[in-house]
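Trainee: Before we start, could you take me through how to read this model, one feature at a time?
Mentor: Gladly; let us look at it together.

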Amino acid sequence: MIMFITIIIAMNLEPFLINAILAGFAVAVITGVMGCFVVWRRMAYFGDSLAHSALLGVALGLAVGIAVNVGIILICSVFALLLLWLQQKKVLATDTLLGILAHSALSLGMVTISVMGQRIDLHSILFGDILTVTRPELWWIYIGGAIVLIMLLMNWSSLVLMTLQEDLAQAEGIRVFLCNLLLMFLMTLVVAVSIRSVGILLISSLLIIPAATARQLARSPEGMAIIASFFGVTSVGLGIYFSFVLDTPSGPTIVASAASLFTLLTIYLQVNKKK
Amino acid sequence: MVNLIQASNITVSRQGNKILENVSVVVGEHDFLTVIGPNGAGKSMLLKCLIGFYMPDTGKIRKMAGLRVGYVPQNFSPEHTMPISVKRFLGLRRKTEKAVVEKVAEETGIVTILDQPLFNLSGGERQRVLLARSLLDNPHLLVLDEPAQNLDISGQLGFYKLIEKIYKERKVSVLMVSHDLHLVMASTNEVICLFHHVCCSGEPQLVAKDPEFISLFGKDMATMMAAYQHSHDHVHHHNHSHES
């Protein structure tokens, strides 16, 4: 905490930095908690594919003239439902389906953007540009994030039990199908609110790395979520700082920070175990 | 005597195939029913219909008012990615008094592993934890779906003994899918042999003689059951009425 306050003071309280920090910390808390479910339920590839399809959402938003976030939520929801429907058919394995859907949507998005001839900063969509987050975008992040956190907390025990054993959950009256839909929808929200910070290509790493780091220390599901959020916030803090100081792209810098924390902790735990 | 569950002529189809056809089952008070049948015969589907997972397409299922069911599902292999202790797992989604948890833990022999992470348990310990969770509500009926499937032979023996003990001490009813009929025969008072429809049902030694049973499971299984039942009769001097 003290470190972050020092960073803010050192950066002379530039408003764009305050926006970046407010956005980044919120995204880190959301992805930290959601990331636990991604790790527990092996949704990593799903999250990654969902994020890829978001580019088509961006294109749709630009083409129709609606907010880009709305476009992303729409396209990602369609993506998730399409996946569910194709899974029911049981013709192809899920990872094959995800690969087809994700890269089709990514390519289609890219083609659409080119055809429209819109000049957009593709780099910032793919890798994020947290230092240019605006006030309205901040509202998006906080409202979307609040929905995700509240829904997860309200259904926490049910989701944990369902993750451990679906039949048991169903026998105890949990509507497993609805819970699965809920998780999918929350993932689309997470993707929509995180894109500005880390970009389409790196969202899933912000979901996975902090949760995987936390797994090594946690002794309860709740503990893992809290520790994952803590690692996420630390990574974002370090990422914004180095991105500002070294003038590097924010998304990769944040993810590199998270990866460094993961590596350091893993080495530390391995070395101490052997002693 | 009140019946806990009474299913009459239930039929379930999935993708055009009849999984269950005209199945009728009655679970009475302090009954011990064992459902047997080849893989894909609809055994799990039958259990899931009886406890209300699925509605049958046709047929009726009547349940005793206020029926409490403890369910032990078929596969339980918690992933090591989820850090959760046995105690926390037992308390998920319910507020159970500490004394109840302790009593059930004692009953199922899991007192020493309460603080261990769930993913660390052996197969036998895992099944006993599931059994403990199903007992927390003080159920009238225990429904178990191949509970000893992945255990070694001594683990199976131990687990079935535990179920018999609970059956006798708690006076619950037990409805179980199991292939290890020879191990649960002593307690089982009715066997239901299922292959989409009820091929035959009744006391174990009668079912063993049924031609449909022999055609499904082969002569060896029937002989083994008959042999076991024979010595069993001698030891306990049961007076089963053989109607033949």
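**Burial, contacts and helices**

Mentor: In chain B, 39% of the 244 residues are buried, where buried means that 20 or more other C-beta atoms, placed from the backbone, lie within 10 Å of a residue's own. This is a predicted model, in which local features need pLDDT of at least 70 and side-chain atom pairs count only at pLDDT 80 or more, whereas totals for chains, interfaces and linings use all residues. Residues are numbered from 1 along each chain as its sequence is written, while chains are lettered from A and ligands numbered from 1 in the order in which they are written.

Trainee: What is the radius of gyration of chain B, and what does the globule rule give for 244 residues?
Mentor: The radius is taken over C-alpha atoms, and the rule is 2.2 Å times the number of residues to the power 0.38. For chain B the radius is 18 Å, close to the 18 Å from the rule, so the chain is as compact as a globular protein of that length.

Trainee: How many residues of chain B are in contact with chain A?
Mentor: Two residues are in contact if their C-beta atoms, placed from the backbone, lie within 7 Å. By that criterion 14 residues of chain B are in contact with 20 residues of chain A.

Trainee: Which residues have the most contacts inside the largest nonpolar core?
Mentor: In soluble globular proteins, nonpolar side chains tend to be buried together. A nonpolar core is a set of buried Ala, Val, Leu, Ile, Met, Phe, Trp, Tyr and Cys residues joined through C-beta atoms within 7 Å. The largest one here has 155 residues, and those with the most contacts inside it include Met34(A), Ala54(A) and Cys76(A). Its largest share, 15 residues, comes from helix H2 (residues 15-40) of chain A. Leaving aside neighbours within four places in sequence, Cys76(A) is in contact with residues including Leu50(A), Ala54(A) and Val191(A).

Trainee: How many residues of H11(A) are buried?
Mentor: 12 of the 13 are buried, so H11(A) is largely enclosed by the rest of the structure; among them are Ile203(A), Pro210(A) and Ala214(A).

Conventions
Helices (H or I, at least four residues) and strands (E, at least two) are DSSP runs, numbered from the N terminus.
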